[in-house]
Amino acid sequence: MKKLMIAAAAFLMSATAMADWAVVEQTDDGYVFEESNLGVRMATFKVAPSDGTDIGQAAAGIASEKGCQAPTQTTVGGYPGYHFVCPDNIQAILIDDKEDISLIMGKCDSEEQCAAIDSLITMLTKKQ
């Protein structure tokens, strides 16, 4: 999460980086981003420290708790992760950046919204 927080802070300071996204909420554990032109939001927050936490078990537990489909293994920005789809077409990705395990969630109802979320996730998960 520390790496995601650094990326989010860099995002806030960059006048040119993805100007349509804005941070609308910030806590110690995460951020909520909004792209008002497309009417889409994405949240990212820390779930657990990386030390000893099995990301596969964490993904299965979160998916089950939220009534989501079974998670599938993926890689995001070079980090191991799991993707799952939750009710109301909410996309969720759990990633392990070797410091923290973070959950990224967003709802997209159109190709354009999904592409916007994908591009923000790519920017946030670039290896520092």
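Reply: A polar contact is a pair of N or O atoms within 3.5 Å. This model is predicted. At the start of helix 2, a side-chain oxygen of D54 comes within 2.8 Å of the backbone nitrogen of G56.

Me: What span should the 12 residues of helix 2 have?

Reply: At 1.5 Å a residue, helix 2 (residues 55-66) should span 16 Å, and its end C-alpha atoms are 16 Å apart, which agrees. Just after helix 2, G67 has a positive phi of about 70 degrees.

Me: Which residues of helix 2 are buried?

Reply: An α-helix has 3.6 residues a turn, so residues three or four places apart point the same way. In helix 2 the buried residues are I55, G56, A58, A59, I62 and A63. Seen down the axis of helix 2, they fall within an arc of 160 degrees, so they line one face. The face turned away from that buried side carries the exposed residues Q57, S64 and E65.

Me: Which strands do the buried residues of helix 2 pack against?

Reply: They pack against strand 3 (40-49), strand 5 (79-86), strand 6 (90-96) and strand 7 (100-107).

Me: How many salt bridges are there?

Reply: Side chains of opposite charge can pair when their charged atoms come close. Here the count is three salt bridges. R41 pairs with E25 at 3.5 Å, N to O. R41 lies in strand 3 and E25 in strand 1 (residues 21-27), so this pair ties together parts 16 residues apart in sequence. R41 also forms a salt bridge with E34, with the closest N and O atoms 3.2 Å apart.

Me: Where do D100 and K46 lie?

Reply: D100 and K46 meet in a salt bridge at 3.6 Å, N to O. D100 is in strand 7 and K46 in strand 3, 54 residues apart. D100 is buried, at 9% relative accessible area, whereas K46 is partly exposed, at 33%.

How values were computed
Residues are numbered from 1 along each chain as its sequence is written. This is a predicted model: local features need pLDDT of at least 70, side-chain atom pairs count only at pLDDT 80 or more; totals for chains, interfaces and linings use all residues. Side-chain values use heavy atoms; hydrogens and water are left out. Helices (H or I, at least four residues) and strands (E, at least two) are DSSP runs, numbered from the N terminus. The expected span of a helix is 1.5 Å times one less than its number of residues. Buried means under 20% relative accessible area, exposed over 50%, partly exposed in between (1.4 Å probe, protein chains only). The arc is that of the directions from the helix axis to the C-beta atoms. Contact means heavy atoms within 4.5 Å. A polar contact is a pair of N or O atoms within 3.5 Å; within protein, one must be able to donate a hydrogen and the other to accept it, and residues adjacent in sequence count only if both atoms are side-chain atoms. A salt bridge is a side-chain nitrogen of Lys or Arg within 4 Å of a carboxyl oxygen of Asp or Glu.
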